[in-house]
Amino acid sequence: MAAEVRSEDELGKKWDRCLADTIVKMGGGLAVGVVFSVFLFKRRPWPVAFGTGVGLGMGYSNCQHDFRNPNLLHGTFVKKLEKGEK
């Protein structure tokens, strides 16, 4: 028999995925902001804040989409059955 999946576990997985995705995107935005700040904008702080904010916004948008569309399959393989298989 298939293991029973509780809704609390599914919600926890979504929150974990959301937080990890947002942290990665914020880190990437921070890194890009630092590079632009150092090399193009004479060490001004606004590119760092802008890059971090863009990363936060992208993570937030992805989280909204994940929570509003509950029927997505994240990283799971769907096996196609051949004729005659069960």
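**Close-ups of a two-helix contact**

**View 1. The buried side of helix 1.** In this predicted model, the buried residues of helix 1 pack against helix 2. Who are they? The buried residues of helix 1 are K14, C18, T22, G29, G33 and S37.

**View 2. Helix 1 from end to end.**

**View 3. How helix 1 and helix 2 pack.** Helix 1 covers residues 7-39 and helix 2 covers residues 46-68. Their axes lie 7 Å apart and meet at an angle of about 160°. Because angles over 145 degrees count as roughly antiparallel, that makes helix 1 roughly antiparallel to helix 2. As for handedness, helix 1 and helix 2 make a right-handed crossing. What kinds of residues make up the contact of helix 1 with helix 2? The residues there split into 14 nonpolar, nine polar and five charged.

**View 4. Zooming in on T22.** T22 has its place in helix 1. Is T22 buried or exposed? Its relative accessibility is 12%, and the cut-off for buried is under 20%, so T22 counts as buried. Leaving aside residues up to four places away in sequence, T22 touches L56, G59, Y60 and C63. T22 is also listed among the buried residues of helix 1, the group that packs against helix 2.

Notes: Residues are numbered from 1 along each chain as its sequence is written. This is a predicted model: local features need pLDDT of at least 70, side-chain atom pairs count only at pLDDT 80 or more; totals for chains, interfaces and linings use all residues. Side-chain values use heavy atoms; hydrogens and water are left out. Axes are lines fitted to C-alpha atoms, for helices over the stretch in contact, and angles run from 0 to 180 degrees between N-to-C directions. Helices (H or I, at least four residues) and strands (E, at least two) are DSSP runs, numbered from the N terminus. Angles under 35 degrees count as roughly parallel, over 145 as roughly antiparallel, 65 to 115 as roughly perpendicular and the rest as oblique. A crossing is left-handed if the near helix is turned anticlockwise from the far one by less than a right angle, and right-handed if clockwise. Ala, Val, Leu, Ile, Met, Phe, Trp, Tyr, Cys and Pro count as nonpolar, Asp, Glu, Lys and Arg as charged, and the others, Gly among them, as polar. Buried means under 20% relative accessible area, exposed over 50%, partly exposed in between (1.4 Å probe, protein chains only). Contact means heavy atoms within 4.5 Å.
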